[in-house]
4 protein chains.
Amino acid sequence: MHAIGVDIGGTKIAAGVVDENGTILAMARRPTEPDDAASIDRAVKDVYLELSQDFEIGAIGVAAAGFVDAARSTVLFAPNIAWRDYPLQDRVRALLDADVPVVVENDANAAGWAEFRFGAGRDVDDMIMLTIGTGLGGALVVGGRLVRGAWGVAAELGHMRVVPHGHYCGCGNEGCWEQYASGSALVRDAQAALITRPERALRLLELAGGDPAALEGPHITEAARQGDPLAIELFAELGRWIGEGSASLAAVLDPALIVVGGGVGEAGELLLAPTRHAYENSLSARGYRPLADFQLAAMGNDAGIVGAADLARI
Amino acid sequence: MHAIGVDIGGTKIAAGVVDENGTILAMARRPTEPDDAASIDRAVKDVYLELSQDFEIGAIGVAAAGFVDAARSTVLFAPNIAWRDYPLQDRVRALLDADVPVVVENDANAAGWAEFRFGAGRDVDDMIMLTIGTGLGGALVVGGRLVRGAWGVAAELGHMRVVPHGHYCGCGNEGCWEQYASGSALVRDAQAALITRPERALRLLELAGGDPAALEGPHITEAARQGDPLAIELFAELGRWIGEGSASLAAVLDPALIVVGGGVGEAGELLLAPTRHAYENSLSARGYRPLADFQLAAMGNDAGIVGAADLARI
Amino acid sequence: MHAIGVDIGGTKIAAGVVDENGTILAMARRPTEPDDAASIDRAVKDVYLELSQDFEIGAIGVAAAGFVDAARSTVLFAPNIAWRDYPLQDRVRALLDADVPVVVENDANAAGWAEFRFGAGRDVDDMIMLTIGTGLGGALVVGGRLVRGAWGVAAELGHMRVVPHGHYCGCGNEGCWEQYASGSALVRDAQAALITRPERALRLLELAGGDPAALEGPHITEAARQGDPLAIELFAELGRWIGEGSASLAAVLDPALIVVGGGVGEAGELLLAPTRHAYENSLSARGYRPLADFQLAAMGNDAGIVGAADLARI
Amino acid sequence: MHAIGVDIGGTKIAAGVVDENGTILAMARRPTEPDDAASIDRAVKDVYLELSQDFEIGAIGVAAAGFVDAARSTVLFAPNIAWRDYPLQDRVRALLDADVPVVVENDANAAGWAEFRFGAGRDVDDMIMLTIGTGLGGALVVGGRLVRGAWGVAAELGHMRVVPHGHYCGCGNEGCWEQYASGSALVRDAQAALITRPERALRLLELAGGDPAALEGPHITEAARQGDPLAIELFAELGRWIGEGSASLAAVLDPALIVVGGGVGEAGELLLAPTRHAYENSLSARGYRPLADFQLAAMGNDAGIVGAADLARI
């Protein structure tokens, strides 16, 4: 059965017809207004109309950046779109003439599910997906099933606390993992190094055009690839936090595989090597099980579309 | 179908015939030698022979304190019994004349499953069980299924790290949750208070017969029940760690219910009230979902028997 | 001997003639330009000319918010004034016709010295002054002498690290005491509580006019005085950090008295009671020495003038 | 003036005649009973009688491992000798026929003073001495004077807290610096590595004769000198804690020099290099002052004798 996956971003939606092997057969896009929820509903209808001309569509999966309820129908809250307890499933179905099932999924869950079914995780049953960009999100697969939680809000991995009294987090708590294992953390640590270790931070400062406030993650990746010792050290520190937090997750979930996606993954082995090292050094019950594998995400930017479509079929 | 559940302790085994409602219909016990694995195999056979005289038995579930592999057949390691990669399932089946399935389960998983099926968790699908005695163990139920992990070692909750550079743990790492949220932590904190706040610790010292080294958890529970301010404060601190760690788990798993079992639960609301308070204050996505409920375990000491029997039926 | 003390602020200077009992006999003020160092030099000359008409002046002490070298002559760095390695002593002396000694002091040191000589600390020899406003500064008196350090930069108390991997600090490090024990910390913790405990933060939100970003320290003080539970809790938390950090300082310096000055001290016992409690609970060698006393600063806003004048006489 | 310095250990005392250059001109020793305070008094008298036959003695300084009051006369508490509020000065003077002044000093203070006057610190005015053996003690010199504190208990540096909720300390508190920056910490971390990283700990295990419990500091030093990567890493970690804690002390005291003494100093640059690195990376106000120097103690085992004698002359 073919399904449509829709990935809803802040200013546009991208949709694809996905077959049962996770292949995207056709795509469609529409601009949207983040402040106008109804415009998003209509855009979903539009892409459905466009894509269903050439394909028989059995289900629609909509991936949204926000908290989605356990019934997979309502967006409880979204940080960047005007959704507050928004019945996205009902609204979209009301616009469609067809009787096609619609399900709503958290976008990180959708992307993680795509990795599990068709990407880095296709050979395992127990997988943790870490999506590390500005923040740290993720998805959990336990025994071959996506973990949604009692109220649909599972896998908010970035809000596991790793440091009591640690960095402030936007969620109002202190010491959330996200504040140590994310692109934002990488940049802030680099900016701090500009103050505390200026003589070692010359290359970073240069890449930022001389302005500490202009420093961004890609500058640090570039410097690290060029062999800049401070940048390498910053990735080692980032990897240490990812690996140590993953070891805590492994005490809880005992995964076979941990997939690292998101922009920070661009750094590749510069990040994964210290991550594995820290994981290995902090894992409990270490002698009694193999080490989980760490791999980069394999599905690229369309993972949300593929995962949402596939989850809509279940 | 009736199943036998067997709970293997250090010096004895206890077994029961369990019906599909989780009721124990009959019990049998045998002494065992922890250093003699074969004696345990024979004792399991013995209780089977005894109990199968009056009941038709469809399966045997064996609960063991140790790491059990994902195939539910081999004990990888047990701290108190001479099992190292011990094929307990095979050994027991080889002794039985009957063709009855035998499965091995971690004892905390078995007890947690009993709570989920017949006890505090019977109305939810997503539950975390915390077994807090000398140490901190647990079990996880996600979407109505027990979480075993890729290698059978999931739910080692006590080894989630909660304090970087924190208390040494027997597992070789620092800052494990178990070192803050367990009966041992409670006693050590009380002993520390005897040094730092002697004028407030008079009642505790008295209950310990004047000897700090003789202080035990029940002394602290007794003092707290009598209204001793320091003992109440110690339970508040213990509850704070339980609640804050639970909030981290809730960021990962979004449970509907957290069940507190084990000896420390004896303190009841003295422990649960601060636990709930801390959970509430540290929970992420708090405004977007109900608060998980905290309840004491309801199944008592035979939970391992009931849970092992029930899991053997699945 | 009469001395003039000059307190240099960002936009004005205040000066006073101080006698040997720490009494201010006359005062003078001048506006200044923080970006124009020479304007400050001239203003110092002006107030000297004005005040020396009626009094015979034996010395001038200048208190400046910045790092002052050990020779008490050069401002190495000031956060709010255009001084970088600025030879303030030389510049002022060059403007004066008179041959009167000029010394430069860090303003927190000057204020602490005034407390020691004429205020809360006049009966002790070993005193720690904590100046807790937006940030956390201080002064140390050991054996009756002001501690300046090898390079004049001692008593940067706010930069003692109290939490590894803790809150980011403007100095580039993490976990500085200032980030936990200051008015800024109080406000940020209150703002976090608006997110995590909105139902308990109604009074604070009201005092801030409904705008979390508009919340300021005095709002929290006011709410606490009115009995608002959350505000009281926030001061208790602030006091805990002050007390615990002070216990670390006491392990180093064994003071008889700790003086709390700065805006946060306005809260009085709401702050001092939890401070003392935490100090008592964390002090080492506690049974072998009396507890240091905690007192509010007694010298008011002119402490810098009095202290600078008195130090100039030494 | 010649003075006698007496170093009182658990089972013997060692005494020396010390001239004004810090040179020991003659020595004497006596066995003592730690449980018999009077035997120690008599032993001090004995060595005085012996040494005063050939030298004119102007003062006696007694160094004792314990808390000494600010009047330098009474031992408030000693961990290894039967002194509790023991008037050591009076008792010794009562035994002597001569009218020679007797002062009592904490042994770490005496050793630190010797380094300041005649050893590594002879060219500076502001010095911190860290004595790192099983525990972490120290001495402070500020502006050329020994810091004793209001009640004689200053410079208990090992009890500055560096990790909230950190390792338990014998003092009853958690997270004391001593639990991270001492020989005991080094050994415990090595023993933990035997569990968590057994494949990297083969050399250490071998040096301990195959028994983790038999592992001692000198084994780790030996392995590190031989290039064993884990041992080198353990010293790097130890040095990191020493350096970071020293940076906190530098925020308070701004020393020109930090002297590292005690058994752990045997590792030399294996320890000092990471210590300096961590100090540099965590120092506040770093760009505005030179870096304090780190040096090994230069006075050897008789530092207590030399320092006690010299302090008795003041």
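**A strand and its setting**

Tutor: The model scores ipTM 0.96 and pTM 0.96. This is a predicted model, in which local features need pLDDT of at least 70, side-chain atom pairs count only at pLDDT 80 or more, and totals for chains, interfaces and linings use all residues. Residues are numbered from 1 along each chain as its sequence is written, while chains are lettered from A and ligands numbered from 1 in the order in which they are written.

Take strand E12 of chain C, residues 257–261. Strands and helices here are DSSP runs, numbered from the N terminus: E with at least two residues, H or I with at least four. Five of the five residues of E12(C) are buried, so the strand is largely enclosed by the rest of the structure. Buried means that 20 or more other C-beta atoms lie within 10 Å of a residue's own; exposed means 12 or fewer, partly exposed is in between, and C-beta atoms are placed from the backbone.

C:Leu257, C:Val259 and C:Gly261 are buried on one side. C:Ile258 and C:Val260 are buried on the other. Both faces are covered. In general, side chains in a regular strand alternate between the two faces of the sheet.

Next, the partners. Two strands pair if DSSP finds at least two bridges between them. Strand E9 (residues 127–132) of chain C runs parallel to E12(C), and five bridges join the pair. There, C:Met127 has C:Leu257 as its bridge partner. Strand E13 (residues 293–296) of chain C is also parallel to E12(C), with four bridges. C:Gln295 in E13(C) stands opposite C:Val259.

Chain D shows a sheet with an E12 of its own. The strand order is E11-E10-E9-E12-E13 (chain D), an open sheet of five strands with mixed pairing. At its edges are strand E11 (145–146) and strand E13 (293–296) of chain D, each pairing on one side only. E11(D) pairs with strand E10 (residues 136–142) of chain D in the antiparallel sense, over two bridges. D:Val141 has D:Leu146 of E11(D) as its bridge partner.

Now the packing. A nonpolar core is a set of buried Ala, Val, Leu, Ile, Met, Phe, Trp, Tyr and Cys residues joined through C-beta atoms within 7 Å. The largest such core has 234 residues, and A:Val6, A:Val62, B:Val6 and B:Val62 have the most contacts inside it. A second, separate core has 233 residues, including C:Ala190, C:Leu249, C:Ala251 and D:Ala231.

Chain C also meets chain D. 40 residues of chain D contact 40 residues of chain C; contact means C-beta atoms, placed from the backbone, within 7 Å. Strand E6 (75–77) and helix H7 (229–253) of chain D each give two or more residues to the side of chain D that touches chain C. H7(D) supplies the largest share, six residues. By class, that side has 25 nonpolar, seven polar and eight charged residues. Ala, Val, Leu, Ile, Met, Phe, Trp, Tyr, Cys and Pro count as nonpolar, Asp, Glu, Lys and Arg as charged, and the others, Gly among them, as polar.

Chains A and B meet too. The contact takes 40 residues from each of chain A and chain B. On the side of chain A that touches chain B, H7(A) gives the most, with six residues.

Two backbone points to finish. C:Arg72 has a positive phi of about 65 degrees although it is not a glycine. C:Arg72 lies in the loop between strand E5 (67–68) and strand E6 (75–77) of chain C, and counts as buried because it has 20 C-beta neighbours inside 10 Å. A:Asp85, also not a glycine, has a positive phi of about 50 degrees. A:Asp85 is in strand E7 (residues 84–86) of chain A, and its 11 C-beta neighbours inside 10 Å make it exposed.

How values were computed. Contact = placed C-beta atoms within 7 Å.
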